[in-house]
Amino acid sequence: MKFATPLKNLDRELARFHGRLKVGAVFVALLATVLLARAFYLQIMQHELYIQRAESNRISLVPTAPNRGLILDRSGRILAENYSAYTLELTRAQIDDLEATLAEVGKLIEITPGQLRRFRRLLAESHEFETVPLKSKLTDEEVAILAANRYRLPGVDVKARLFRNYQAGPGMAHVLGFIGRINDRDLKRLRESRREQNYRGSVHIGKTGLEQSYEALLHGRTGFDQMETDASGRAVRMLSRIPPVPGKDLRLHLDAELQAVAEYAFGDYLGGLVALDPNTGGVLALVSKPGFDPNLFVDGIDPETWKSLNESPDRPMVNRVLRGIYPPGSTIKPLMALAGLELGLRKPGDSIVDPGYFSLPNSSHQFRDWKRGGHGVVDLQRSISQSCDTYYYRLAVDMGIDRMHDYLAQFGLGEKTGIDLEGESSGLLPSRDWKQRRWNKPWYPGETVIAGIGQGYHLTTPLQLAVATAMLANGGKRVEPRLVQAVRDPLSHAWQPLPGGARNQVAINPAHLSVVREGMMDVMRPGGTAAASAAGAPYTIAGKTGTAQVVGIKQGARYEASRLAREHRDHALFIAYAPTDNPTIVVAVMVENGGSGSGTAAPIARAVFDYYLTGKRPGNMKLEADDAAD
Amino acid sequence: MPRTSHWILRRLSHLDGILLVLVMVLLGISLAVVASASGQSPARITGHLINIGLALGVMVVIANVPPHLLSKVGPPLYVAGVVLLIGVALFGEIRNGSRRWLNLGFMAFQPSELLKLALPLMLAWYFQRNEGLLRAKHFLAGSALLLVPFLLILRQPDLGTALMIGASGFYLLFFAGLPWKVILGGGILGAASLPVMWGLMHDYQQRRVLTLLDPSSDPLGAGYHIIQSTIAIGSGGLFGKGWTQGTQNQLDFIPERTTDFVFAVFGEEFGYVGAIFLVGLYLAIVARGLVIAARAPTLFGRLMAATLSLNLFTYVFVNMGMVSGILPVVGVPLPLMSYGGTALITLLLGMGILMSVATHRQLNKS
């Protein structure tokens with residue numbers, strides 16, 4: 001062993017070791033500096049950011065959806081109400097194998113093919129993180145089965161949801177409309193109107209009818225619970241709470257019983273009827289047949305049913321009262337007569353001799369009266385009661401299309417009535433100006449002639465006819481039809497009236513108006529065109545029949561309803577008000593392919609008048625137990 | 001029983017007072033934080049107390065074993081560890097995609113744990129034997145002793161543990177006098193080989209590194225842990241939210257919060273002031289360890305004391321760095337703070353070795 005070298009080495013090694021210790025100490029100090037610098041950055045410099053993130057981790061706002069307002073008829077019968085039910089809902093993002101999950105759920109509870117189709121359609125329309133209902137209104141047993149198996153079905157949930165029940169059925173569908181699941185379009189609209197936040201807890205939104213037009217009142221204000229939640233999203237405790245404010249209840253002018261009577265009176269016919277209070281514009285009944293079951297839409301409709309509703313030739317989804325546009329036909333005559341008087345073109349006593357046709361000067365074309373051989377001597381009052389076409393051919397020519405347009409426009413023809421429902425059609429009130437703009441063609445004199453009896457370019461909705469008739473009944477006040485008469489504040493429970501609107505007041509010479517009214521009363525008196533429909537009524541009616549052509553009748557050919565297929569028959573029209581001394585109800589009826597106004601439309605109006613004015617129901621109408629009033 | 005108490009006192013004289021106080025303070029803090037993190041669960045607290053008791057017992061026993069005896073344990077422990085690692089490679093159980101566990105029938109354990117002390121002990125024993133004669137060949141042999149377990153653990157695969165064990169071996173070679181040019185050369189070579197290493201890394205290892213660089217890229221997966229723990233630490237602020245008042249902690253947002261992520265709980269509830277105090281305690285232990293190393297009479301004692309000190313802080317750095325989002329998530333507990341018996345016993349065993357080195361000076365000199 002060499003001693004010298006190892007000893008020297010020992011000293012050198014010890015010195016080197018002490019040097020290395022210092023390097024080690026510096027190294028550790030460096031690491032500690034890095035750690036404390038990082039802690040300084042997180043805890044001092046970024047503290048505000050992280051405290052905020054910790055708070056948003058901890059606190060979650062849980063929206064609580066408000067109860068939707070109820071819809072009641074004028075006497076408090078519930079037309080639309082809420083109920084809570086359990087639904088089976090799936091969240092796509094939480095499910096690995098959707099088909100396997102669906103098969104598994106199908107083994108536990110019954111899922112119909114329709115429910116499955118509806119689910120797939122809703123799934124295609126929603127985002128991955130949204131929950132989509134597979135089956136609603138689960139029975140207690142189904143809820144129990146699903147709850148017991150939930151642990152092995154991630155993404156499958158049973159939730160208590162509020163639903164809407166429209167117990168009045170298909171007859172009320174066109175008035176109430178329906179609510180449906182909020183879709184992308186609804187969301188976009190809500191976002192644009194900055195109402196998105198208020199729908200955070202909501203599943204449904206009004207899609208059509210009153211549910212749509214009064215959405216803002218019916219929905220209410222969403223409440224928020226500020227919850228402290230743990231990492232798994234479980235609520236630990238409530239920090240604060242803003243309670244939801246329920247939606248406002250709506251009370252309608254509409255009488256559910258009257259509505260049922262009107263619907264019943266239609267029998268097998270399709271068409272539309274609207275009854276107004278001529279003084280307020282309140283809608284007493286609004287029937288569009290056929291209807292549909294609005295309950296189908298609440299939870300998402302399955303594609304088959306939707307297709308059958310949408311493609312049915314009867315077009316049940318179209319509200320005929322608002323959107324059905326037809327030539328007004330003879331129902332325009334009272335207004336034409338009034339125009340003749342007011343414009344100084346006719347005097348009440350003036351009369352013509354009707355040969356059964358009218359020809360323009362220097363023309364051989366004959367515009368025929370509906371009555372072969374004519375009505376003989378006809379004054380203004382008789383022209384209404386007999387519905388003399390020839391009288392109005394001549395009056396129209398004397399008046400000219402522009403004056404006709406301007407006068408009739410005051411009665412709201414060619415313009416939306418402003419009813420509190422969306423989707424109304426404005427019809428068409430023709431004029432020289434309109435034809436130039438629309439078709440870039442001049443107006444022909446022959447077009448004026450047929451315009452005089454409400455044919456040609458004229459198009460009106462039953463609602464427009466009802467408003468014009470209301471103006472004859474109330475002396476010229478153009479009311480805006482209103483379904484809702486009052487709203488109830490959910491907190492104070494006080495009803496607050498929602499006043500109806502009135503557009504303009506047409507100044508009418510009372511003497512002129514009374515002649516026209518007499519003519520309309522004559523319609524319902526023996527010898528008048530609709531006398532049969534007034535027989536035995538304990539009140540007096542003023543009315544006017546009309547027909548709207550469906551297929552053109554050739555020059556010289558006669559219209560014979562019995563020879564035509566039903567769908568080619570004329571639409572029957574009837575307008576009326578009663579009682580005549582102090583009118584409280586106006587009715588406009590359109591019966592699709594009804595043939596004649598007097599034959600099919602007037603009896604329906606009579607049934608409505610009877611029930612409204614005397615409480616009498618149609619003879620064989622089954623009495624339904626009145627729904628208990630609210 | 002006066003005789004018995006006298007015996008105990010004499011034995012206890014081998015404890016280093018400064019280290020003992022520092023360790024006890026840290027364990028006290030650990031008890032408080034684990035209590036808060038577990039929602040003051042009596043089972044957790046009792047379990048922790050039992051672990052602490054056991055580990056302190058081990059420390060006292062080891063402190064009373066003279067270093068020259070401890071050094072003799074190195075070779076057999078090292079050989080046993082390597083043999084077990086080979087056993088793992090051949091017969092080991094696969095858990096979470098890597099072969100780390102050896103099932104002994106009555107218990108499963110990770111032989112890599114054993115190497116955490118066995119490797120420094122072996123190297124220190126080897127250099128002690130060749131004291132005064134150290135040449136290049138000794139460092140080559142030392143490197144080989146380091147590389148065998150390192151590579152075996154690396155291919156389990158367990159990059160985190162391999163690096164930690166590699167670091168302890170490297171510290172020992174460094175304190176033994178590994179030439180600077182070798183260190184620098186190795187460093188440059190290592191840096192150059194990083195792209196190659198990246199290619200050899202397993203998917204999950206690459207993901208961990210990527211998640212570290214941008215935790216928000218995987219907010220619901222691996223990034224969640226880092227995001228939540230940095231939120232916890234950052235929201236603690238200067239003074240913290242107070243003991244048991246951390247919302248990230250109490251509402252379960254912090255993962256593994258009694259074990260690997262215990263610093264997130266501490267940072268949230270005690271703030272930056274707490275963090276400075278905690279790092280200060282660790283620095284004090286390291287400083288005391290380096291002083292013991294400087295004063296140690298034997299090469300074995302010097303190397304062990306210095307290596308154990310640096311090793312301790314390396315664990316502290318890797319854990320805190322991971323929890324505060326500057327290092328990848330590797331399963332390394334915070335020394336003396338995290339709940340967990342094995343790690344605590346290993347650590348206090350190391351403290352025991354430090355104390356043994358510190359208190360057996362006179363005996364060895366003679």
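How many helices and strands are there in chain A? Against that background, please examine the largest nonpolar core: which of its residues touch the most other members?

Reply: The model is a predicted one, and its chain A contains 22 helices and 23 strands. Chain A has 630 residues, of which 43% count as buried. Among the contacts in this chain with a separation of 6 or more, 74% join residues 24 or more positions apart.

The largest nonpolar core comprises 123 residues. The members that touch the most others are Val274(A), Ala275(A), Ala285(A), Val589(A), Ile604(A) and Val608(A). This core lies between two domains of chain A, because both contribute residues to it: domain 1 (61–252) and domain 2 (256–297 + 319–485 + 498–553 + 563–614).

Val589(A) illustrates the packing. Beyond its neighbours within four places in sequence, Val589(A) is in contact with Gly271(A), Leu273(A), Leu573(A) and Phe574(A), and also with Ala601(A), Ile604(A) and Ala605(A). Of these partners, Ile604(A) is itself listed among the residues that touch the most other core members. Another core, of 112 residues, lies apart from this one; its members include Ala55(B), Val82(B), Ile153(B) and Leu327(B).

As to confidence, chain B has a mean pLDDT of 87, with 89% of its residues at 70 or more. Within chain B, helix α13 (residues 262–295) has the highest confidence, at a mean of 96, whereas helix α16 (residues 361–365) has the lowest, at 49. For the complex, the predictor gives an ipTM of 0.91 and a pTM of 0.68.

Conventions: Residues numbered from 1 in each chain as written. Chains lettered and ligands numbered in written order. Predicted model: local features only at pLDDT ≥ 70, side-chain atom pairs only at ≥ 80, totals over all residues. Core = buried A, V, L, I, M, F, W, Y, C linked by C-beta atoms within 7 Å. Buried ≥ 20, exposed ≤ 12 C-beta atoms within 10 Å, placed from the backbone. Domains from an automatic or database assignment. Contact = placed C-beta atoms within 7 Å. Helix = DSSP H or I, 4+ residues; strand = E, 2+ residues; numbered from the N terminus. pLDDT = per-residue confidence, 0-100.
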